[in-house]
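Here are my notes for your first look through this model. Have the viewer open and follow the points in order.

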Amino acid sequence: MAFPTQRPRRMRSTPALRRLVAETDLRPRHLVLPLFVREGIAEPVPITSMPGVVQHTRDSLRKACAEAVAAGVGGLMLFGVPAERDATGSAGVDPDGVLNAALREVRAEVGDAAVLMADTCLDEFTDHGHCGVLDAAGAVDNDATLAVYAEMAVAQAAAGAHLLGPSGMMDGQVGAIRDALDAAGHADTGILAYTAKYASAFYGPFREAVDSQLTGDRRTYQQDPANVRESLRELALDLDEGADLVMVKPAMAYLDVLRAVAEAADVPVAAYQVSGEYAMVEAAAANGWIDRERAITETLTAIRRAGADVVLTYWATETALRLD
Ligand code: PBG
């Protein structure tokens with residue numbers, strides 16, 4: 001019988017060889033930790049569908065951010081959960097609203113040691129739970145929403161966010177925010193554009209995390225999971241409007257989209273490993289069905305391999321500590 005002359009296994013035979021030739025690396029600096037801060041609570045509130053993740057008080061948020069930064073994470077992404085909601089999401093624009101107040105405190109705590117980011121979107125703040133304001137017929141009004149995003153962006157920049165993350169998938173949101181920031185003297189505040197954001201079942205646990213009031217769905221503004229070409233169009237528009245980084249979301253079920261965006265983009269690319277991706281691994285691991293730490297590292301490595309420079313993940317601190 002003929003023996004193989006090509007033996008790829010040779011390079012897998014010791015940990016040192018595998019380490020030497022690994023094509024993809026995962027470092028703490030690549031990771032961004034999303035956090036939730038809720039108004040009016042005295043203690044952190046666990047999120048049932050995301051074991052290990054909580055809605056923070058302003059105090060516990062500061063501590064969690066300081067720990068993440070000490071672990072070496074690259075960034076923090078803050079989401080606010082207000083006590084009162086209204087039709088236009090005015091608590092998101094209010095400089096003293098929970099998210100803006102928290103941004104100010106976290107920036108004072110961590111300074112420039114990590115990149116502080118804010119969710120620039122209305123769904124946490126509206127009483128109907130949509131990412132924008134509604135017209136008389138109850139549909140999400142794109143252009144009226146842009147005006148609110150513009151105000152919200154200026155408030156978040158003033159509160160100390162380094163990067164803003166418009167996640168509402170309104171047409172023209174990057175351009176509207178860029179113009180507003182520049183006009184208000186915040187030319188140095190950047191935009192992490194949610195470029196390809198799909199209408200996904202994997203956001204399920206996030207809705208609990210922000211006490212979402214949504215009853216319908218977001219399919220008139222978030223993308224159809226069937227499409228990839230559409231994401232390249234969204235990419236071209238976001239780059240043209242001034243996006244500093246672009247993001248694909250969710251991550252795992254959209255690695256092909258991530259690859260396509262990474263190949264076409266001339267700015268850094270982020271991917272968001274969303275709440276449902278987190279919950280699936282935690283649930284399977286809790287049942288003893290998969291090795292939790294290996295699954296976490298494998299998913300994050302896969303997202304990096306597909307082309308993400310930056311990965312938003314609820315495991316950011318833990319992973320950064322493990323990688324150290
Ligand atoms: C909207 C927003 C959502 C997420 C991030 N930003 C929810 C949605 O679009 O319904 C989901 C994140 C996650 O599931 O982890 N502001």
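1. A term to start with: a residue is called buried under 20% relative accessible area, exposed over 50%, and partly exposed in between (1.4 Å probe, protein chains only). L116 is a clear case of the buried kind, with a relative accessible area of 0%. L116 belongs to strand β5 (residues 115–120); helices (H or I, at least four residues) and strands (E, at least two) are DSSP runs, numbered from the N terminus. Between L116 and M77 there are 6.4 Å from C-alpha to C-alpha, and the two are 39 residues apart in sequence.

2. Some ground rules. The model is predicted, so local features need pLDDT of at least 70 and side-chain atom pairs count only at pLDDT 80 or more, while totals for chains, interfaces and linings use all residues. Residues are numbered from 1 along each chain as its sequence is written, and side-chain values use heavy atoms, with hydrogens and water left out.

3. Now the ligand. How many residues surround the ligand? There are 18, and the closest are D123, R207, K249, S275 and Y314; a residue counts as near if one of its heavy atoms lies within 4 Å. Sorted by class, this shell has eight nonpolar, three polar and seven charged residues. Here Ala, Val, Leu, Ile, Met, Phe, Trp, Tyr, Cys and Pro count as nonpolar, Asp, Glu, Lys and Arg as charged, and the others, Gly among them, as polar.

4. Zoom in on the polar contacts, meaning pairs of N or O atoms within 3.5 Å (within protein, one must be able to donate a hydrogen and the other to accept it, and residues adjacent in sequence count only if both atoms are side-chain atoms). S167 has a polar side-chain atom 3.1 Å from a nitrogen atom of the ligand. For K249, an N or O atom in the side chain is 3.1 Å from a nitrogen atom of the ligand. R218 places a polar side-chain atom 2.8 Å from an oxygen atom of the ligand. Of the 400 Å² of accessible area that the ligand has on its own, the protein covers 100%; the areas come from the Shrake-Rupley method with a 1.4 Å probe, and for residues only the protein chains shown count as cover.

5. Have a look at the backbone too. Most residues other than glycine have a negative phi, and most peptide bonds are trans. The K249 to P250 bond is cis, with omega near -10°, and P250 lies in the loop between β8 (245–249) and α9 (255–264). M169 has a positive phi, near 60°, without being a glycine. You'll find M169 in the loop between β6 (163–166) and α6 (173–183), and M169 is buried at a relative accessible area of 6%.

6. D211 is another residue other than glycine with a positive phi, near 50°. D211 sits in the loop between α7 (204–209) and α8 (229–241).

7. Next, a pair separated along the chain. T48 and A209 are 161 residues apart in sequence, yet 8.7 Å apart in space, C-alpha to C-alpha. T48 is in the loop between β2 (45–46) and β3 (54–56) and is exposed, with a relative accessible area of 69%.

8. Two further pairs to set beside that one. E151 is in helix α5 (residues 142–159) and is partly exposed at 48% relative accessible area. V274 and A108 are 166 residues apart along the chain, and their C-alpha atoms are separated by 27 Å. V274 counts as buried at 1% relative accessibility.
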